[in-house]
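Please walk me through the side-chain contacts in this protein. I would like an account that I can follow with the structure open.

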Amino acid sequence: MTDRTSSPAYRGVVLAMMLLVYTFNFLDRQILGILAGPIKAELQLTDTQLGALGGIAFALLYSTLAIPLALLADRTSRTWVITVSLAIWSGFTALCGVAGNFTQMFLFRIGVGVGEAGGVAPSYAVISDYFPQHQRARALSIYSLGIPLGSAGGVLLGGYIAQTVEWRTAFIAVGVLGIVIAPIFRLVVREPARPIQTGDVVPVSAVFGILAAKRSFWMLALGAACSSMCGYGVAFWLPSLLMRSFGLDLLGAGQFLGGLLLIGGVAGVLLGGFLGDAMGGRDKAWFAWVPAISYVIGMPLFVIGVLSSSVTFAFALFLIPQALVYVWLGPVLTAVQHLVPPQMRASASATFLLINNLVGLGLGSWSVGALSDALTPTYGVEALRYAIVAALGFYLLAGLFMALAGKALRKDWVAA
């Protein structure tokens, strides 16, 4: 790297720009959840169809295209891949605002997924190249703040625009903003120096072969997938639950979930990064054990909150588990980066995300919606509440997988 790009100040600028892009990644991804009510009414959809829009429509190509796009990023320019991806997913987000039926909305959501496929894995690799090993968990945690910040922005901005104007305007507004940011990102963020020369080819079979032989990779990937089934499912359906079972309007639901994400989510992501660097620095097993403990503590508090009848009580109960279920991001993402040599990091991240997103993102919101439809004849308007409670059991399974990953990380770790 040049002196400028290796300075702490410039690394901070890079991380801030990466965070901004990731915030839009989740803003565009999660805005559908707060807009589910008016979209369902206007397009006459079922909960199962809404769940498909929030899950498999997005996850199908998002997950599978992530690997070839990560390979392209590893062989060419990661920053260019991120820039073009941002422009594409923002454009399709804007198009969601003109959808006239389920099929059109489904296709536009696929387009959002196609664009976002090229954003995350190359970003992990860029950050890992810019920051030294002892700072990576914290750096990746700061980057991961885009998840609660983007999700909160989606529900707050989406809810406000939908209630004061209309839901279509919300999609168009956030999509156009993302398109404007894309060229600014490319001008500011320079491609970091890498251990291999641009254009060197690392076959995907070589990357997967290294990962597949490591028990820690499978435990981390399955644990994250189970966690994401709950995380995406709850995030997508919680606004609808707040309106159906707690009596909030669209704006109130957005404020509830936005506050929850900004307070609990941000605290959890930062805590995970700090604990990952502090405890993982002494014993690599803690990169998996910290998330395992967090899931086991957080799950029962979530269940009590979902089953409560008081909005205030539910918000207070949700704050702690909302933080705990975000703890995994910094430690686990750092661990995945260290399962392969540096030149394979984007491809390794994409392989990890393939499993995580096909299972978690693809099935999370859809399974909760389908279960809600199935329970409706018995529980009526409260069916969604019990569908969410059932889904929360996957947090315990996530904790088990993470616990099993700990010891394997000690021998699978690649220092670089």
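**Aromatic rings, charges and a surface patch**

Phe102 is partly exposed, with a relative accessible area of 22%; buried stands for under 20%, exposed for over 50% and partly exposed for what lies in between, using a 1.4 Å probe and protein chains only. The model is a predicted one, in which local features need pLDDT of at least 70 and side-chain atom pairs count only at pLDDT 80 or more, while totals for chains, interfaces and linings use all residues. Residues are numbered from 1 along each chain as its sequence is written, and side-chain values use heavy atoms, with hydrogens and water left out.

Helices here are DSSP runs of H or I with at least four residues, strands are runs of E with at least two, and both are numbered from the N terminus. Phe106 is also partly exposed, at 24% relative accessible area.

The structure holds 18 aromatic pairs. The ring centres of Phe102 and Phe106 are 5.7 Å apart and their planes stand at 45 degrees, so this pair is tilted. For such a pair, the rings of Phe, Tyr or Trp (its six-membered ring) must have centres within 6.5 Å; planes under 30 degrees apart count as stacked, over 60 as edge-to-face and the rest as tilted.

How exposed are the two phenylalanines of this pair? Phe102 is partly exposed at 22%, and Phe106 is partly exposed at 24%. Another pair joins Tyr379 and Tyr386, whose ring centres are 4.7 Å apart with planes at 40 degrees, so that pair is tilted as well. Tyr379 has a relative accessible area of 40% and is partly exposed; Tyr386, at 35%, is partly exposed too. Elsewhere, Phe256, Tyr295, Phe302, Phe315, Phe318 and Tyr395 form one aromatic cluster.

Rings also meet charged side chains. Arg11 lies over the face of Phe131, 5.7 Å from the ring centre. Lys284 is placed over the face of Trp413, at 5.2 Å from the ring centre. The criterion is that NZ of Lys or CZ of Arg is within 6 Å of the ring centre and within 35 degrees of the ring normal.

Next come the pairs between charged groups. Side chains of opposite charge can pair when their charged atoms come close. A search of the whole structure finds eight salt bridges, each being a side-chain nitrogen of Lys or Arg within 4 Å of a carboxyl oxygen of Asp or Glu. Which residues are linked with Asp47 in a network of salt bridges? The network contains Lys40, Asp47 and Arg244. In the bridge between Lys40 and Asp47, the closest N and O atoms are 3.0 Å apart. Asp47 is buried, with a relative accessible area of 2%, whereas Lys40 is partly exposed at 26%. Arg244 bridges to Asp47 with its closest N and O atoms 2.8 Å apart. This pair links distant parts of the chain, with Arg244 in helix H13 (residues 215-244) and Asp47 in helix H4 (residues 47-54), 197 residues apart. Arg244 is partly exposed, at 27%.

Asp277 and Arg138 meet in another salt bridge, 2.7 Å from N to O. Asp277 is in helix H14 (residues 250-280) and Arg138 in helix H9 (residues 136-144), so the pair ties together parts 139 residues apart in sequence. Asp277 counts as buried, at 14% relative accessibility, and Arg138 is partly exposed, at 40%.

Ser90 lies in helix H6 and counts as buried, at 0% relative accessibility. A polar atom of the Ser90 side chain lies 2.8 Å from the backbone oxygen of Leu86. Leu95 is also found in helix H6 (residues 78-96), and is partly exposed with a relative accessible area of 35%.

Helix H11 (residues 167-188) gives the largest share of the patch, four residues.

Terms used
Polar contact = N/O pair within 3.5 Å; in protein donor to acceptor, adjacent residues only side chain to side chain.
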